[in-house]
Amino acid sequence: MKAVCWCGKGKLRVEEVPEPKILDPQDVIIRVTATTICGSDLHLFGGYVPTLQPGDILGHEMVGQVIEAGDQVKKLSLGQRVVVSSVIACGHCWHCRTEEFSLCDNSNPNAWLQERYHGCVSAGVFGFSHLFGGYAGAQAEYVRVPFAEVGAFAVPEEMSDEQALSCSDIFPTGYMGADNCDLRGGEIVAVWGCGPVGLMAILSAYLLGAERVIAIDNLPERLRLASDVCGATTLNHNDVEVAEALRDLTGGRGPDACIDAVGMEAHGTDVWDDLYDRTQQTLMMQPDRLAVIRQMIRCCRKGGTISLLGVYGGTSDKLPLGIAFVKNLRLRMGNMHGPKYIPRVLEHCRAGRANPAFVYSHRLPLRLAPEGYTMFRNKEDECVKILLQP
Amino acid sequence: MATMTMSRFRSGDRPARHAVDGARRINVGGSERAISVLTGGGMALYGLRRGNLSGLLLAGIGAALTYRGFTGHCDVYQALGMSSVGHKKQTAIPSGQGVKIEESVTILKSPEELFSFWRRLENLPRVMRNLVSVHELDGNRSHWVAWGLAGDVEWDAEIINERPNELIAWRSVDGSEVATAGSVHFQPAPGDRGTEVKVVLSYNPPAGQVGAGIAWLAGRDPHTQIREDLRTFKRLMETGTVPTTEGQSRGTCHL
């Protein structure tokens, strides 16, 4: 079968590799009908995430058809169309039982390795380096899905592949980002980053009761989606001073909740902060650029919530913790708890309350994935998200 | 989650600094001294022949190793309070020698379920990578076979204490090739989180403390081993399987 393999920093190849086999009675094999490139794949592509090995298959978002099932799989049937959670969870440990699926104790076979880096173990993720289990990824014709009864969900017939594909990772991620803000109705939520996850966070904030969402980015095509499709008030950080604009838009209070959908490769607007972070990142002193978090802490209203969705990798300094302390901010973060949120977002789609299919600006055959990565990274041709078809 | 205590780190065993400053006692064993002289000499000669800065550095290290071999005294060992001067092979584990490991894990299963798995000692090779087999001989005695660096290692062990659903303690019988003692404790975890399982293991590593040190450098120390074994135990008990990626597809990146 064909699969997108990482062959070193900035190097990808579509290779012919062996088809996956059932390795455990709780596995299924799916024939992928749609997969996609995630913003976090760009971190892997660019070599910002350690422990990736040449030959690793990338990708963690997928919709497909079950073509083979292990002996212990009862809830899924052959031929069924499923969407699969990017985060792999065992469903049995204490964290899974309390719906903290991305903190699963058991699904990462390389627990020892991750313990060395992070001092703890989190769930495995498809195609996301050996730190997160070294599982073969979804940018392939076939994928083995471990603990399939926990992570694979039947797709309602009326839903398109595009809609379902968004429920694999970006929609539940955005949804968790908004859910972490504990919205009660009437809030103003600011979302930094109008990439696919940011756009899903805007939709989700409205679904969960936000009165108004303010979206921040500097790419006109993304801001257009945020305002026209998702209904957000938009700020282009190239044109306005974000902190001032947010104060103006919130009667001087600041947003009730701030969602970061940017992550470790943030572009700062403060020249010195940005230079400082970039220098450290280049010297491998810290993997993250923190411009967005700093701005969120400064802008958030007193007692508000900071919710991080963008991926961060290491330890960082120059975090304005003093301000966060004085403002009694709540910080929420982490990978999304797929199996907790996927049924909810599927139901929102099925009931017509959300249609996430609009994020796919491009469609490419799997064999053109390397070109897709470059296009997505450079935001060429107003690229927002690319659907890959094996 | 983990605590590891090697007896050589116990403060009582460590020579006080002022006491040993004058007396540079021999703390390197016979064969190790010979190896030290030979490698050190070789490194020094090679380094001098290279004649550049890194060669000089190599020669310096070689000279230090040679000196260490001749005098039988090692400052590093001294700082760590350890010694490789041979002790006789014994079946018991004298105080101040051997390795003691403690490791804990919380498993979302009842003490009863975990105890009954463990008490069937024949189950243990399923979770302990180092074990080849365990055979129960009679109620208390069992025969253990483990992978060793130079072929299998075998010993007989006996259960010396057992409280159902709480504790199992064992030790190798007198005259065994391996001197080992251990116990496993099962205690309900607060807040319906299952059971806290603690393993305490002490044994004399085959090459003494130096062997333990080298194994630690190579990442094969018994502490890591037990930690991974307990993780496997947890995974098997909670999920009925041990997650793996062995045998999955991957690319080659060959041109």
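This is a predicted model: local features need pLDDT of at least 70, side-chain atom pairs count only at pLDDT 80 or more; totals for chains, interfaces and linings use all residues.

User: Where in chain B is C253(B) placed, and why is C253(B) called partly exposed?

Analyst: C253(B) lies in the segment after α7 (222–239) of chain B; helices (H or I, at least four residues) and strands (E, at least two) are DSSP runs, numbered from the N terminus. A residue is buried if 20 or more other C-beta atoms, placed from the backbone, lie within 10 Å of its own, exposed if 12 or fewer, and partly exposed in between. C253(B) has 17 other C-beta atoms within 10 Å, so it is partly exposed. C253(B) also has a positive phi of about 65 degrees, although it is not a glycine.

User: Why does S129(A) count as buried?

Analyst: S129(A) has 22 C-beta neighbours inside 10 Å, and therefore counts as buried. S129(A) sits in the loop between β8 (124–125) and β9 (142–145) of chain A. S129(A) is not a glycine, yet its phi is positive, at about 75 degrees.

User: What makes up the largest nonpolar core?

Analyst: A nonpolar core is a set of buried Ala, Val, Leu, Ile, Met, Phe, Trp, Tyr and Cys residues joined through C-beta atoms within 7 Å. The largest one has 141 residues, and I30(A), V191(A) and I202(A) have the most contacts inside it. Helix α7 (residues 196–207) of chain A gives the largest share of this core, 8 residues.

User: Which residues does I30(A) touch?

Analyst: Two residues are in contact if their C-beta atoms, placed from the backbone, lie within 7 Å. Not counting residues up to four places away in sequence, the residues that I30(A) touches include M62(A), V66(A), V84(A) and Y142(A).

User: What makes β3(A) and β5(A) paired strands?

Analyst: Two strands pair if DSSP finds at least two bridges between them. Strand β3 (residues 28–36) of chain A is joined to strand β5 (residues 62–69) of chain A by 7 bridges, and the two run antiparallel. R31(A) has Q65(A) in β5(A) as its bridge partner. Strand β5(A) is also joined to strand β6 (residues 81–84) of chain A, by 4 bridges and in the antiparallel sense. There, Q65(A) stands opposite R81(A).

User: Why are β2 and β4 of chain A said to stand at the edges?

Analyst: Three strands of chain A form an open antiparallel sheet in the order β2-β1-β4. β2 (12–16) and β4 (56–57) of chain A each have a single partner strand, so one side of each is left without a neighbour in the sheet. Strand β1 (residues 2–6) of chain A pairs with β2(A) over 5 bridges.

User: How many residues of each chain take part in the contact between chain B and chain A, and what classes occur on the side of chain B?

Analyst: In this contact, 20 residues of chain B meet 34 residues of chain A. The chain B side has 3 nonpolar, 10 polar and 7 charged residues. Here Ala, Val, Leu, Ile, Met, Phe, Trp, Tyr, Cys and Pro count as nonpolar, Asp, Glu, Lys and Arg as charged, and the others, Gly among them, as polar.

Note on methods. Residues are numbered from 1 along each chain as its sequence is written. Chains are lettered from A and ligands numbered from 1 in the order in which they are written.
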